[in-house]
Amino acid sequence: MKKIELDFDRPRALQADGPPERRGLERDEVRLLVSTENGHEHARFRDLPRFLAPGTLLVVNTSATLPASLPAWHAGLGPILANVSTQYGGGLHLVELRKSASEPGPLPVEVGDAFEIAGLPARLIAPHPGLPRLWFVRVESDLRRVMERAGSPIRYGYLEAPYPAIEEYQTLFARDPGSAEMPSAGRPFTQRVVDALRAKGIALAGITLHAGVSSHEVEAEAVEDQVLYAEPFEVPKATAEAVTAARQEGRPVVAVGTTVVRALESAWDGERVRPAAGFTRLMIHPGRPVKTADGLITGLHDPLASHLALLYSIAPKERVREGYAEAVREGYLWHEFGDSHLLLTRAVPAERPAA
Amino acid sequence: MNRTAIITGASRGLGRTVAEFLAAQGYGLVITARGEEDLQAAARSLRRHGGQVIALAGDVTDPDHRRRLADAARGLGRLDILFNNASTLGATPLPPLAGYPLAELEEAFLVNVSAPLALIQEVLPLLEESGGLIVNISSDAARGGYPGWGGYGITKAALDLASLTLANELSGRWIGVVTVDPGDLRTRMHQEAFPGEDISDRPLPEVTLPFWAWLFGQPPAAVTGQRYQAQSERWEVNASALEAVAV
């Protein structure tokens with residue numbers, strides 16, 4: 001698949017510059033675009049249960065978001081930002097160094113450079129192969145504790161002050177701290193939505209995938225060649241069994257977030273989803289179709305984002321692109337605090353009781 | 001006390017890359033390779049990171065040399081990683097098994113199977129004291145049955161089985177044993193397997209760094225017995241570690 005197939009026009013204005021609560025909306029009052037083989041519908045997120053059949057299994061990401069952006073100081077560069085993407089163990093972390101929230105790297109740094117993260121000694125060990133803005137960094141101290149004291153949520157230039165607090169980044173399902181950036185597909189869920197889903201016979205199960213810093217645009221001309229960095233994931237036994245049972249019984253499995261699709265696909269052994277834990281850098285694209293899910297709830301992704309290739313393997317590319325054209329026309333908002341998209345492989349079930 | 005590693009075949013290719021990665025993190029290193037000059041050049045480069053580097057040129061099939069390597073690690077005070085990387089392709093250009101020179105097959109067994117096992121035997125007590133990890137470098141030739149790769153592949157298959165057996169025998173003790181297939185890399189060894197061919201499409205050994213970063217961050221019990229592909233799209237801990245995580 002060519003990079004150009006991930007491109008589309010999205011007016012700059014169509015981006016959420018803060019949480020919907022600041023726009024006078026509840027979390028579950030963001031818009032919901034529903035794309036199926038019968039076309040596209042527009043709703044509010046709290047209408048979600050209307051579009052899912054009883055027996056559906058929703059799989060959510062239970063990762064909680066860390067205040068992973070830390071002030072840093074480099075002798076040659078002065079004050080910089082260290083956005084901590086992934087903890088590797090043994091004092092080693094994958095870190096994105098940048099000048100500021102709105103000025104990305106790569107910065108002119110070298111292997112062996114000593115610098116400070118929140119006043120603590122740190123050292124550049126090696127650049128990540130193929131992704132020169134990301135560095136392996138060694139820090140003797142426990143960066144989680146440093147984050148509690150000195151960290152703030154990673155943010156980018158499109159957010160407006162006052163900037164959201166870490167609590168505003170936690171989803172209803174957040175339980176295991178570890179994500180550098182919010183697994184944002186789960187953010188519109190509220191207790192009343194979950195209650196309505198359960199009342200309709202829709203079950204929820206959890207995986208964990210600790211999302212790293214945002215991947216940039218796909219750079220490789222062939223999407224399949226794009227380098228991804230690995231992220232920690234775990235598919236617990238109960239979830240593996242629930243997904244396998246749903247597949248065998250023909251009940252739909254809907255992933256809440258691209259992270260969930262990547263975790264489930266990483267645990268798929270050709271016949272079933274098994275319990276699994278480790279690091280994954282699985283790249284999903286139409287040449288590597290999704291076997292574990294029939295649908296996806298996700299935000300709206302930027303032009304050239306690798307996530308779009310994943311969307312194209314949940315539903316045909318034309319349907320996704322049509323949906324995005326509608327979203328632009330209807331003024332949907334992009335980014336982590338923006339609107340939501342339910343993408344189903346098949347039609348919405350015919351049985352449609354009133355919400 | 002700084003963590004330490006023994007790395008064989010450390011003067012170039014994958015061994016050199018892993019040595020640089022560990023040295024940059026402050027590991028003390030004992031490195032070896034047969035050629036004195038290349039090894040000392042590697043040592044000078046590694047010492048720029050400020051840590052201790054002991055470079056001992058020699059042949060891993062020599063028992064005295066292996067003893068010297070173990071003694072050097074003992075002198076550093078502990079041992080966290082034994083990186084069994086030194087290998088021979090056996091006869092080159094790669095002959096089919098039907099006509100394989102048996103003397104060279106025996107030599108390949110000595111270098112690729114007996115020597116790493118002997119080095120493991122030599123440093124096992126040191127590794128156990130620090131809860132260390134044994135990494136045996138394998139190859140997809142151990143499983144592929146690729147024509148021409150039989151001699152080398154047989155030795156790597158034997159090393160795979162040695163690793164798994166050791167992992168089982170040592171389970172419950174604080175030692176991990178893994179084999180790693182690094183995948184095709186642009187190294188001198190790979191070039192010798194494809195004499196005269198252009199191998200510039202293969203990635204440099206640095207492509208495997210994310211895997212080593214992950215592996216060396218895991219507790220030995222979580223990975224022992226596994227066979228990893230350093231360039232694959234996922235690396236998993238073993239099932240017993242997963243149960244432990246779930247509880």
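In this predicted model, A:Phe279 stands opposite B:Trp235, a residue of strand E8 of chain B. Strand E15 of chain A, residues 276-280, pairs with E8(B) in the antiparallel sense, and three bridges connect the two strands.

**Contact between chains A and B**

- Chain A contributes 26 residues to the contact, and chain B contributes 21 residues.
- On the side of chain B that touches chain A, at least two residues each come from helix H1 (13-24), helix H8 (209-215), strand E8 (234-236) and helix H10 (239-246) of chain B.
- H8(B) supplies the largest share of that side, namely four residues.
- By class, the side of chain B that touches chain A comprises 13 nonpolar, four polar and four charged residues.

**Overall form of chain A**

- Chain A contains six helices and 17 strands.
- The radius of gyration of chain A is 20 Å, which agrees with the value near 20 Å that a compact globule of 355 residues would have.
- The C-alpha trace of chain A spans about 65 × 45 × 40 Å along its principal axes.
- Of the 355 residues in chain A, 50% are buried.
- When contacts in chain A between residues at least 6 apart in sequence are considered, 74% of them join residues at least 24 apart.

**Domains of chain A**

- Chain A is divided into two parts: domain 1 is made up of residues 3-65 + 165-344, and domain 2 covers residues 69-150.
- A distance of 29 Å separates the C-alpha centres of domain 1 and domain 2 of chain A.

**The barrel of chain A**

- In chain A, six strands close into a barrel with antiparallel pairing, and their order is E5-E6-E7-E10-E9-E8.
- From one strand to the next, the twist averages 45 degrees.
- Within chain A, strand E9 (residues 120-128) and strand E10 (residues 131-139) run antiparallel and are joined by six bridges.
- A:His128 has A:Leu131, in E10(A), as its bridge partner.
- Helix H1 of chain A (residues 143-150) packs on the sheet, where it touches strand E5 (69-74), strand E6 (78-89), strand E7 (92-98), E9 and E10 of chain A.
- The direction of this helix of chain A makes about 100 degrees with that of E5(A).

**The surroundings of A:Thr56**

- A:Thr56 counts as buried because it has 23 C-beta neighbours inside 10 Å, where the cut-off for a buried residue is 20 or more.
- Apart from its neighbours within four places in sequence, A:Thr56 is in contact with A:Ile202, A:Arg251, A:Pro252 and A:Val254.
- A:Thr56 and A:Ala242 are separated by 186 residues in sequence, while their C-alpha atoms are 11 Å apart in space.

Methods: Residues numbered from 1 in each chain as written. Chains lettered and ligands numbered in written order. Predicted model: local features only at pLDDT ≥ 70, side-chain atom pairs only at ≥ 80, totals over all residues. Rg over C-alpha atoms; globule rule 2.2 N^0.38 Å. Buried ≥ 20, exposed ≤ 12 C-beta atoms within 10 Å, placed from the backbone. Contact = placed C-beta atoms within 7 Å. Domains from an automatic or database assignment. Pairing = 2+ DSSP bridges. Axes fitted to C-alpha atoms, helices over the stretch in contact; angles between N-to-C directions. Nonpolar A, V, L, I, M, F, W, Y, C, P; charged D, E, K, R; others polar.
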